[in-house]
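Take the points in order and find each element as you go.

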Amino acid sequence: MTAEASLRQHDAVVTRLRHFLDALASAAPDEQSGERLRHDLARWTEDLRRYAVPESRRYYGRSPTLASAGQATTPWYVVDEATPPERLAGRASFGTFFLGGRGAAHGGTIPLLFDELFGWLANSEGMPPSRTAYLTTNYRAVVGIGRPLTFTAWTDRVEGRKRFLRAELRDGDTVCAEADALFVTLRPGQP
Ligand SMILES: CCCCCCCC/C=C\CCCCCCCC(=O)SCCNC(=O)CCNC(=O)[C@H](O)C(C)(C)COP(=O)(O)OP(=O)(O)OC[C@H]1O[C@@H](n2cnc3c(N)ncnc32)[C@H](O)[C@@H]1OP(=O)(O)O
């Protein structure tokens, strides 16, 4: 299979997995279905273990051209405009898997999305790797499950090894959440 075909296949599997996680989070299956599901999942887990590869060869979370960088365990997002390291803009949506309560996204999943966006902004091609030193999220309005959202993430300023980043998540004109973060460029030998 070509690298392009492998990437497309990964995207299709992850999309399926995302729908599965949403269905699982919404369901209360009967005993028979639950047992069948457990059995099928165990079979697929064993099958996939045979194909384990080192981190550098994985698609999951490492494929910037795919939705959510090829992951089902972050909220869905796509980057529509990218001028790294200055700015990223795009669309996002939180499926039922990310429900906190009363129709709103879990508070921990919103910084997960921000950290992901900042990670891409601060680790664009050609830049030395950096890690999150802090990430502060202000929750301004609930993030509704299934709502079509937009985001912007940008580099506010750079001071030596320190990259100060900011982001906003909106539902229409409403700012639902804002974040500011510090990413620090790693020194040689740092993990
Ligand atoms: C390598 C990663 C990327 C690889 C990418 C591969 C491909 C995929 C690409 C993209 C995918 C994107 C996917 C998302 C990724 C998201 C990123 C994460 O979630 S990373 C995980 C969470 N973060 C940690 O685990 C950090 C743990 N902490 C540390 O390792 C260190 O504390 C570190 C590196 C952050 C800083 O430690 P020091 O020893 O290198 O540096 P010191 O000297 O302490 O600080 C440097 C400056 O920063 C300030 N500073 C450090 N921490 C601060 C803090 N918490 N608050 C305020 N200032 C802080 C200090 O005061 C200092 O400032 P002064 O130079 O004196 O002005």
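1. Start with the overall pattern. Read along the sequence, the protein runs α-α-β-β-β-β-α-β-β-β-β, which comes to three helices and eight strands. Helices (H or I, at least four residues) and strands (E, at least two) are DSSP runs here, numbered from the N terminus. The C-alpha trace spans about 60 × 40 × 25 Å along its principal axes.

2. Two things to keep in mind while reading. This is a predicted model, where local features need pLDDT of at least 70, side-chain atom pairs count only at pLDDT 80 or more, and totals for chains, interfaces and linings use all residues. Residues are numbered from 1 along each chain as its sequence is written.

3. Next, the domains. The protein is split into domain 1 (3–55) and domain 2 (74–185), with bounds that come from an automatic or database domain assignment. Their centres, taken over C-alpha atoms, are 26 Å apart. Five residues of domain 1 are in contact with five residues of domain 2, where contact puts the C-beta atoms, placed from the backbone, within 7 Å. On the domain 1 side, the touching residues are two nonpolar, one polar and two charged. For these classes, Ala, Val, Leu, Ile, Met, Phe, Trp, Tyr, Cys and Pro count as nonpolar, Asp, Glu, Lys and Arg as charged, and the others, Gly among them, as polar.

4. Now find the sheet. In what order do the strands of the open sheet come? The order is β1-β2-β6-β7-β8-β5, six strands with antiparallel pairing; two strands pair if DSSP finds at least two bridges between them. β1 (76–83) and β5 stand at the edges with a single partner strand each, so one side of each has no neighbour in the sheet. Neighbouring strands are turned by 20 degrees against each other on average, direction ignored.

5. As a reminder, strands of a sheet pair through backbone hydrogen bonds, either parallel or antiparallel. You can walk across this sheet pair by pair. β2 and β6 are antiparallel over six bridges, and L88 sits opposite A153 in β6. Nine bridges join β6 to β7, with F151 facing L169 in β7 and T152 facing E168 in β7. Then 10 bridges join β7 to β8, where L169 has A177 as its bridge partner. Finally, β5 and β8 pair over nine bridges, and Y139 stands opposite A177 in β8.

6. The helix on the sheet deserves a look too. α3 packs on the sheet and touches β1, β2 (87–93), β5, β6 (149–159), β7 (162–171) and β8. Its direction makes about 140 degrees with that of β5; axes are lines fitted to C-alpha atoms, for helices over the stretch in contact, and angles run from 0 to 180 degrees between N-to-C directions.

7. Most residues other than glycine have a negative phi, and most peptide bonds are trans. β6 and β7 form a hairpin with two residues between them, and G160 in that turn has a positive phi of about 60 degrees. β7 and β8 also make a hairpin with two residues between them, with G172 in the turn at a positive phi of about 60 degrees. A69 has a positive phi of about 50 degrees although it is not a glycine, and it lies in the loop between α2 (31–49) and β1. The peptide bond from P84 to P85 is cis, with omega near 0 degrees; P85 is in the loop between β1 and β2.

8. Last, the record. UniProt places the feature "domain: Thioesterase" (unreviewed entry) at residues 103–175; its positions are given in the numbering used here, feature names are shortened, and annotations may be inferred rather than shown by experiment. Over residues 103–175 the chain is 19% helix and 48% strand, with the end C-alpha atoms 17 Å apart.

Technical notes:
Two residues are in contact if their C-beta atoms, placed from the backbone, lie within 7 Å.
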